[in-house]
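User: Hey, I'm new to this one. Can you walk me through it?

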Amino acid sequence: MVKLNKIYTRTGDDGTTALVSGPRRVKHDMRVEAYGTIDETNSAIGVARLHAADLAELDAMLALIQNDLFDLGADLATPGTDEPPAYEPLRVVESQVTRLERDIDSLNADLQPLKSFVLPGGSAAAAHLHLARTIARRAERLMVALARSDGEIVSAAALQYVNRLSDFLFVAARHANNGGKADVLWVPGKNR
């Protein structure tokens, strides 16, 4: 279990931060950007949950996701190496991806098919879920760029999870919009 006694350490005053596995990286390092954006996604989901408290099933799903996002942050903060680690690092696993897919299917089952793109909005919960979705997509772009960088490893399960997460948040936003009935649809060229 993590134990945090002291909140400030002063070790980051030089613009670096420690990864779980020990080495320090500059705070604008792509790996740090990736797990920082996962943290930002988690915070946005926390705000969305304030507005989705009356949607018990959705709120429970979001609570599981928030915990998963800490797992994902730990995964990203512990880069893989060619040498076996002295401990078992925390990694996102396939069952977390599968659970997200089941939750997407569950929420999507009652939604009417879309006839246009959805504009972020409708209810407060939906608007915040859409914001979390766009942050998750930014995290995904950073993770993909990191995975394609020389010497960097990002697991397939971590990439799948963040990709499914944005899909989940889209469906969750529609669910929060009265099952999609309160979705605000894009009307191409409406204001020309």
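This is a predicted model: local features need pLDDT of at least 70, side-chain atom pairs count only at pLDDT 80 or more; totals for chains, interfaces and linings use all residues.

User: Where does F117 sit, and is F117 buried or exposed?

Analyst: F117 is in the loop between helix 3 and strand 3. Its relative accessible area is 60%, and the cut-off for exposed is over 50%, so F117 counts as exposed.

User: And W186, what's its relative accessible area?

Analyst: For W186 the value is 39%, which makes W186 partly exposed.

User: How many aromatic pairs are there?

Analyst: The count comes to one aromatic pair. The partners are F117 and W186, with ring centres 5.7 Å apart and planes at 50°, so the pair is tilted.

User: Which parts of the chain does that pair link?

Analyst: Distant ones: F117 comes from the loop between helix 3 (94-108) and strand 3 (118-119), while W186 is in the segment after strand 4 (184-185). The two are 69 residues apart.

User: OK, zooming out. How many helices and strands does the protein have?

Analyst: Five helices and four strands. Going along the sequence, the pattern reads β-β-α-α-α-β-α-α-β.

User: How much of the protein is buried?

Analyst: Of the 192 residues, 39% are buried. The accessible surface comes to about 11200 Å², and 55% of that belongs to carbon and sulfur atoms.

User: What about contacts along the chain, what share join residues at least 24 apart?

Analyst: That share is 72%, taken among contacts between residues at least 6 apart in sequence.

User: Let's go inside. Which residues touch the most other members of the largest nonpolar core?

Analyst: L72 and F168 do, in a core of 43 residues. The elements giving two or more residues to this core are helix 1 (30-51), helix 2 (56-76), helix 3, helix 4 (124-147) and helix 5 (156-176).

User: Which helix gives the largest share?

Analyst: Helix 5, with 11 residues.

User: What is L72 in contact with?

Analyst: Setting aside neighbours within four places in sequence, L72 is in contact with I38, V92, M143, A158, Y161 and V162.

User: Which residues does L129 touch?

Analyst: Not counting residues up to four places away in sequence, L129 touches A48, L58, L62, L169, A172, A173 and A176. L129 and A176 are 47 residues apart along the chain, with their C-alpha atoms separated by 8.7 Å.

User: Switching to charges: how many salt bridges does the structure hold?

Analyst: There are 10 salt bridges. One of them joins D59 and R49, with the closest N and O atoms 2.7 Å apart. D59 lies in helix 2 and R49 in helix 1, so this pair ties together parts that are 10 residues apart in sequence.

User: Which residues are linked with R99 and D103 in a network of salt bridges?

Analyst: D68 is linked with R99 and D103 in that network.

User: Last one: D75. Where is D75, and is D75 buried or exposed?

Analyst: D75 lies in helix 2, and D75 is buried, with a relative accessible area of 5%. Apart from neighbours within four places in sequence, D75 is in contact with L90, R91, V92, S155 and A158.

Conventions:
Residues are numbered from 1 along each chain as its sequence is written. Side-chain values use heavy atoms; hydrogens and water are left out. Rings of Phe, Tyr and Trp (its six-membered ring) pair if their centres lie within 6.5 Å; planes under 30 degrees apart count as stacked, over 60 as edge-to-face and the rest as tilted. Buried means under 20% relative accessible area, exposed over 50%, partly exposed in between (1.4 Å probe, protein chains only). A nonpolar core is a set of buried Ala, Val, Leu, Ile, Met, Phe, Trp, Tyr and Cys residues joined through side-chain atoms within 4.5 Å. Contact means heavy atoms within 4.5 Å. Accessible areas come from the Shrake-Rupley method with a 1.4 Å probe; for residues, only the protein chains shown count as cover. A salt bridge is a side-chain nitrogen of Lys or Arg within 4 Å of a carboxyl oxygen of Asp or Glu.
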